[in-house]
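This briefing accompanies the sequence and structure shown below. It covers a helix contact, a sheet and a hairpin in turn.

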Amino acid sequence: MALAARLQRFLARKGILYTDLPVPQAADLGAAVIVSGQPRSDFVQATVLIDIGGALMVVHGLDSALDLEAVFQLTGRRMQVLTGRQTMRLFGDCDPGFVPPIGTAYDLPVLVDDDVTHTGRVLLTGGTDHGVIEMDGRDFRLALAGARRGHLVIRGQGNGDRAALSLDEVADKLQRLYRLPPMPALALRILRLTADSEATARQLADLIELDPSLTAQIMRYARSALFNYPGQIHSVQEAVTRVLGFDRVAHIAMGIASVRAFDVPRKGALGMDNFWRHSLYSAFVCQSLALHCGADKALAYLCGLLHNFGLLLIGHLFPAEFEELNILHADNPEASMHSLEQQVFGHARDEQILAVGHGAIGGILHKLWQLPDAVVKAAAMHQHPGYHGDHETYVLIVQLSNALLKPRGIGDEFNPDDTSTLMEALGLAPEALADLEREIDRVAPDLDALANSLSS
């Protein structure tokens, strides 16, 4: 639920309708707007002011700047903006930085900018850092019944006229601002081959064999105890046709080739060694879970393998901050990665876009690289508990995989998960997970060996 408790009770008491729009946990309202994918121009915000007479809320468009002189002309009061600490005293049931622009729910007098009173649709924070809500303009005005109206914002260039900001535009901004690495040429050729329904094992093998290191890694994978193939494997083509299958070889090869786009330290909890260990275990578990959920096992494998690429991107672009994140993670193993990323990236203006979390950033990169939509969504939403939406099964599979691997010390965070809820959502019985745990125990030595070979 994207509403603070007090606001929820107020709306229920007034019979005011709204739509809950969950988003990945965000550092601030600006970040929540970005990851919501909703038009920025439809959002309203609250600015809370104070003087000796008490506090007052002003409701205005997100893309507008409050004119304190206009407030004085309307009220006769010289007011200043509340500090963050003062604000949280008034909105104790809200997450910091997420003040609902419905002051009446908190017994505050309200001023509303004229522009807001004419909107047909309104988007706003409900007081939490993991969702926004949508209201019909008439319902929103009903929620603010009794508020005074006036021209309260500075109008002119740069205020109130910005175009809607979509996730595609965020991706474009990231690409221009941070010079995102392109997909390596070999990975791109493999990706294009997988899109060709007429592609053959010979064609895939020929591509892989252009790279001796990749060839050796695929052969090592095919010969491992993961598959217990009784015969000898002498070529990549035999690995494709006899052991692994076209999709699995293509996906692991594409993953190995793609990682070469990033320059990230090997060591540390978030370094390349642990990245590969986490990715290979996750891919294996996701593929196994897919068999029980009626999902595409090859696609589930790819979702598990690539879901954490956002961490590599952060490490590649911001080595100093990545090192800080690594240290914070080691010192605070029970803290969520989102909270640690928010602490590192949530303050400098030019880096606030990264505070949306490595999941969303990875999803944007996958989208730019034109990976399958399920892979994009699994990366973007794997940090978002309770997700419902497109490709939900694959997101939940990745989330459950991460939850099952945490007790083994595998992954990048160890805060608790609601494993039973994930199992129920995927229709899994406890005995299915017991079988999977035994299977993980069986293949663990081979997965560890493969991870070591890939990170070296």
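Predicted model: local features only at pLDDT ≥ 70, side-chain atom pairs only at ≥ 80, totals over all residues.

The crossing of the two helices is right-handed.

- Helix 18 contributes Ala 374, Lys 377, Ala 378 and Met 381 to the contact.
- From helix 19, the contacting residues are Tyr 394, Val 395, Val 398 and Gln 399.
- Sorted by class, the contact of helix 18 with helix 19 comprises 6 nonpolar, 1 polar and 1 charged residues.

- Five strands form an open sheet in the order 5-2-3-6-9, and their pairing is mixed.
- Strand 5 (80-81) and strand 9 (148-150) lie at the edges with a single partner strand each, so one side of each has no neighbour in the sheet.
- Strand 2 (residues 44-51) runs antiparallel to strand 5, and 2 bridges join them.
- Within this pair, Ile 50 of strand 2 is positioned opposite Gln 80 in strand 5.

- Strand 7 (residues 121-125) is largely enclosed by the rest of the structure, because 4 of its 5 residues are buried.
- Strand 7 pairs with strand 8 (residues 131-136) in the antiparallel sense, over 5 bridges.
- Thr 125 faces Val 132 of strand 8 across the pairing.
- The hairpin has 5 residues between the strands, and Gly 127 there adopts a positive phi near 105°.

Technical notes. Residues numbered from 1 in each chain as written. Heavy atoms only, no water. Buried < 20%, exposed > 50% of the residue type's maximum accessible area, 1.4 Å probe, protein only. Pairing = 2+ DSSP bridges. Left-handed = near helix turned anticlockwise from the far one by under 90°. Contact = heavy atoms within 4.5 Å. Nonpolar A, V, L, I, M, F, W, Y, C, P; charged D, E, K, R; others polar.
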